[in-house]
Amino acid sequence: MTDLVVRRLLVDMEAPIARHWCGGDAFRTALFNALSMSFPVGEQFFIDSVRNGFKALPPELQVKYQADVQGFIGQEATHRRLHALYNEHLDKLGLKNEWGPRAQGRLKLLEGVEPRHWLAATAANEHFTAILADYMLACPEFLGDTDARLRTLWLWHSAEESEHKCVAFDLYRALGGNEEWRIKWMKRITTVFLADAVRQTVNNLRHDGTLWKWSTWKSAWTSLFGKQGLVRLTYKPWRQYFRADFHPLQLESELGPQWLAANAAQFIPVRG
Ligand SMILES: [Fe+2]
Ligand SMILES: [Fe+2]
């Protein structure tokens, strides 16, 4: 894995977010807004999982993984900070974040549970974010072109997700995490993640007054199941996680590094 660089993104998060910032498309806007709502709680959980997993490693393995863990925590901390600012704008638009508090409540069930379970749940979530990231980097038109700032934010986040996708997985393995629980957690996370994403997207559309518009459902269908649809193109890489010899590097893509190289003016590396 390449060294994980923490980057300060040069985007203005003070400027308000338009109601349909994603190319004027109500459905896609609602979907991305839903994902953003989940990040502050979710990414804090990933940070805690990786930090606690790291502490449980024997000293010689701590030396091996220290830089990766530091980079991972730095990147996720930056993501959650920017998405918290993003979400403040969504509050102002009258949208109600129910995903974050629901996830927070659910995480209470994991208190006191040993770090390998946290890491397996995190590795499963990281697989989701990595395949979503590769999808967005491959099909950036999905983000529309009406808000260059948010497009940059999502693609930067995607590039970094792709960069650090191995960290939780490798720690899980290093701690002797087994296949049975890795797969079990992926099944659980898939159900929970999809249900939460649908609920929050519907909720956002309801608050936006666009839930029952024909154009919303038409966009939902093409955005998810059309030729370039999100579900259609991510199904195969999602399935790969269930293979016994799976490792996140098998999904290695050059799109993240390419985006970072082409958009170096959009951020300042602060640590690497
Ligand atoms: Fe992230
Ligand atoms: Fe991540």
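This is a predicted model: local features need pLDDT of at least 70, side-chain atom pairs count only at pLDDT 80 or more; totals for chains, interfaces and linings use all residues.
Residues are numbered from 1 along each chain as its sequence is written, and chains are lettered from A in the order in which they are written. Local features need pLDDT of at least 70, side-chain atom pairs count only at pLDDT 80 or more, and totals for chains, interfaces and linings use all residues.

**Exercise 1.** Describe the span, bend and burial of helix α1.

Step 1. α1 covers residues 26-55, 30 residues in total. Helices here are DSSP runs of H or I, at least four residues, and strands are E runs of at least two, numbered from the N terminus.

Step 2. From first C-alpha to last, α1 reaches 44 Å, close to the expected 44 Å. The expected span is 1.5 Å times one less than the number of residues.

Step 3. At F39, shortly before the proline P40, α1 has a kink of about 45°. The bend is the angle between axes fitted to the seven residues ending there and the seven starting there.

Step 4. 24 of the 30 residues of α1 are buried, so the helix is largely enclosed by the rest of the structure. Buried means 20 or more other C-beta atoms within 10 Å, exposed 12 or fewer, partly exposed in between, with C-beta atoms placed from the backbone.

**Exercise 2.** Which residues of α4 and α6 meet?

Step 1. In α4, take R116, L119, A120, T122, A123 and E126.

Step 2. Their partners in α6 are A168, F169, L171 and Y172. Contact requires C-beta atoms, placed from the backbone, within 7 Å.

Notes. Two residues are in contact if their C-beta atoms, placed from the backbone, lie within 7 Å.
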